[in-house]
Amino acid sequence: MERREFIRLMAIAACFTPRMAAAKELPVVGVATGTDYGKITRNAISAVGGMKRFVKPGDVVVVKPNMGWDRTPEQAANTNPLVVRAVVEEVLAAGAKKVKVFDRTCNDERRCYANSGIQGALKGLPNVEVRFIENERFKKVLLNGEALKEWELYGEVLSANVFINVPVAKHHKLTGLTMGLKNIMGVMGGDRGKLHKQIGPALADVNAVLKSHLTVIDATRILTDHGPQGGDPADVKIMNTVIASTDIVAADAYATTLFGLKPADIPVTVAAAKRGIGEMELKKVRIVRV
Amino acid sequence: MNRTPARISQLFFLLLFLGLFLSTEYRGKDEIPAAVNSFFRADPLALATWLLAVKSFTLLLLPALLVLILTLVFGRFFCGWICPLGTILELVTGRIVKGKTPPWLVGRLKYLLLALLMGAALAGLNLAGILDPLAILLRAMTFFAHPLAGDAARTGWVGLYRVMGESRDHLAPGYSLLHDYLLPFRESSYPLAVLSALLLLTVILLERYGKRAWCRYLCPLGTLLGLLSRFSPVRRSPGRICGDCGECENVCPTVEEGKMPEGEECLLCFACRRGCGRSRVRFWFANPFKLRERPYLPARRFLLGGMAGGLLFARGLRWKSAEARERLLRPPGVRDEAEFLAACVRCGECMKVCLRSALYPAALQAGMEGLYTPLLVPRLGYCEYHCTLCGQVCPTGAIPNLPKGEKEREVVGKAVFDKNHCLPYAKKSNCIVCEEHCPIPRKAIRSRVVESLDLNGKKISLMEPYVVEELCNGCGICEHVCPLEGKSGVEIFGVKDKTPIAVAVAAKPAAKVRGGDEDPYK
């Protein structure tokens, strides 16, 4: 950066700082509703400042949907491919050099990538990589957390400039619901089943270290029971909603209300809020509806 | 280089075999358009033992019937024009030093082998695949060569990452191409890998005793086709090597010490016709009523003895250990063990195609009679709920080819919890990984919330899992994902009654009770 350019930038920053500080008090959650899922995804992102706020030209960006199950989009077990595509398009439009989309799946990865519809939805987009997890890319990361001292995280996430968390909001038998905070499990290596003993603190440990710069929750349709896998159309409820926030806890907290539950009912949310990762009191969150 | 039409056909079918082998893999579509099963469906040996063992007919094996009829008319063309193992033998035979043929190999042995196989088949045990040339080749590829190639490539690829780090990405397109089209998707290793390779190696090393020694002295498919070709009116003239030339002796792939093969051993490759410097050799239809004396065939008594031996042999292999019976988990759709053993040709295709590498060839786990038959080993891999590939590629229908909705309801076994291992019971800590993974929409594994004391005496709320038997299809994902090291806290056991899960039960609208403590028996 040129010195002159740097000074100019500092000057501009100085002008904006007081206003930014004032805004910082309340985290913003963008909530967009409608039946054009690409459009509401873009609207929700605009409501929190637009993709250019997060992605700078030349960035390498990881977009992490939930595509862990061999289920179709209408079964609501994976993130809606239309939402994922819209997020990826926004990232590309912001000038990203490369977008990497992946998940460590529970069912066969080929079937999950194909049947979630996400692989197909991203086909043909330039500079987008949809690759399967390669075990050698996991790296041990010191977490020094309450439940986890260290854990293996995916190298592609660690080396990316921006990490965008794009979960689907759905029921989960153990944790009540699964949304952004739990979607992080898809970039964790090792034997994830072992986390279940103390899942709240464990997920707080990982989310404290691995920050989601932007969380976009797909609630176009939600799975209300028999999660995380579902399969029964009777459990699926159409909500036509997409939620975006830089505050992952606030985003999860808002999505919880769509199920008729309170954020405090979800232990993972509570553990993360207690750790200071974000705000779970919706009274202390500015909700921008679009 | 040999450019006879027969050789070109041989190379074509060898490449086709390899191509179909590689296409016997999931590539993003639920249906596999073409698989290597086509070769087995055209295999008259598979047909013969299937007919004897199952005692009915299946349209799946219609191509084999066609080959059989063509053999009756033209002779043993399959061996000379199609068989990929025969082609491999012809390609390598030049490099193997020839020795003296042991007398026990020549003559009766192959008829005895074939008779034994037929006898066993009549007793309901289909052993053809163990010695079928296509199966020998396919198993060596599936269990040994292909995994080895995959492992080597993968090790190299991981090694590159250690050296190059992220810059390895520049090479990724090349590796993807290799991995997507040539290598197995998953690195799995198989039991019996070495045995399968040794069996193929033995067949190749038999070349020491003459060109295509396996085909002439042992191969049960060749023997069967040879017997059929006795009825073929196609004859070569002159019948023997001419005193003034003898060039055919140099070109014939199955010539034996100065004697040109007659009817049964002639593979119809026409090499002698092309090689004849004097244009004397011709093949034409002889009057079937005026055929010369047929060549040697062992006495009827001998063949019948072999058949009887096979019958007894099949009975003798029956014993299974109690543990083997408990864990006798067959691929989905297989309902009856006896019917399965009658129809399975042990070709290994189901194990090759299995998405999650859940199927493995049995060594002795299914009893002696079950050698090389597929077994589901849930701790190593589970049966993917929506996948129907094994039924699609099974050449004989031993594993039925069922549509998705039906296959999902087929019962492999039933899950059983071991409360001495399962975490919520044994360690008083929450887990529920099994319930989370259970693919049945209404969940065959559920949990009830109970107030309990943890190991320190602290009051806790605990989710205790249980199995809803009516819904469990025994896919084994619960056993596979159980986070316990070593023995799983939930295991699949074989059951006699494999009635599919009733549609009514599977589709019953889900009761909206949180906590899952609805009573499934209501």
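User: Which residues of α16(B) are buried?

Analyst: This is a predicted model. Helix α16 of chain B spans residues 300-316. A residue is counted as buried if 20 or more other C-beta atoms lie within 10 Å of its own. The buried residues of α16(B) are G306(B), M307(B), G310(B) and A314(B).

User: Why do the buried residues lie on the same side of α16(B)?

Analyst: The residues concerned are G306(B), M307(B), G310(B) and A314(B). They lie on the same side of α16(B) because around the axis they cover an arc of only 100 degrees.

User: Against which element do the buried residues of α16(B) pack, and which exposed residues does the face turned away from the buried side carry?

Analyst: The packing partner of the buried residues is α7 (109-122) of chain B. The face of α16(B) turned away from them carries exposed residues, namely R301(B), L304(B) and G316(B).

User: What is the reach of α16(B) from its first C-alpha to its last?

Analyst: The helix has 17 residues, and at 1.5 Å a residue a span of 24 Å is expected. The reach in the model is close to that expectation, at 24 Å.

User: How many of the residues of strand β8 of chain A are buried?

Analyst: Strand β8(A) covers residues 168-172 and is largely enclosed by the rest of the structure.

User: Which strands pair with β8(A), one in the parallel sense and one antiparallel?

Analyst: Two bridges link β8(A) in the parallel sense to β10 (residues 214-223) of chain A, where V168(A) stands opposite D218(A). Three bridges join β8(A) to β9 (residues 176-178) of chain A in the antiparallel sense, with T178(A) as the bridge partner of K170(A). A hairpin of three residues also connects β8(A) to β9(A).

User: How many charged residues does the side of chain A that touches chain B have?

Analyst: Between the chains, 25 residues of chain A are in contact with 28 residues of chain B. By class, the side of chain A has five nonpolar and eight polar residues, and its charged residues number twelve.

User: How many nonpolar residues are on the side of domain 3 of chain B that touches domain 4 of chain B?

Analyst: Domain 3 of chain B comprises 322-407 and domain 4 comprises 414-507, and their C-alpha centres lie 24 Å apart. Here 14 residues of domain 3 of chain B are in contact with twelve residues of domain 4 of chain B. The domain 3 side has one polar and five charged residues, and its nonpolar residues number eight.

Methods. Residues numbered from 1 in each chain as written. Chains lettered and ligands numbered in written order. Predicted model: local features only at pLDDT ≥ 70, side-chain atom pairs only at ≥ 80, totals over all residues. Helix = DSSP H or I, 4+ residues; strand = E, 2+ residues; numbered from the N terminus. Expected span 1.5 Å × (residues − 1). Buried ≥ 20, exposed ≤ 12 C-beta atoms within 10 Å, placed from the backbone. Arc of directions from axis to C-beta. Contact = placed C-beta atoms within 7 Å. Nonpolar A, V, L, I, M, F, W, Y, C, P; charged D, E, K, R; others polar. Pairing = 2+ DSSP bridges. Domains from an automatic or database assignment.
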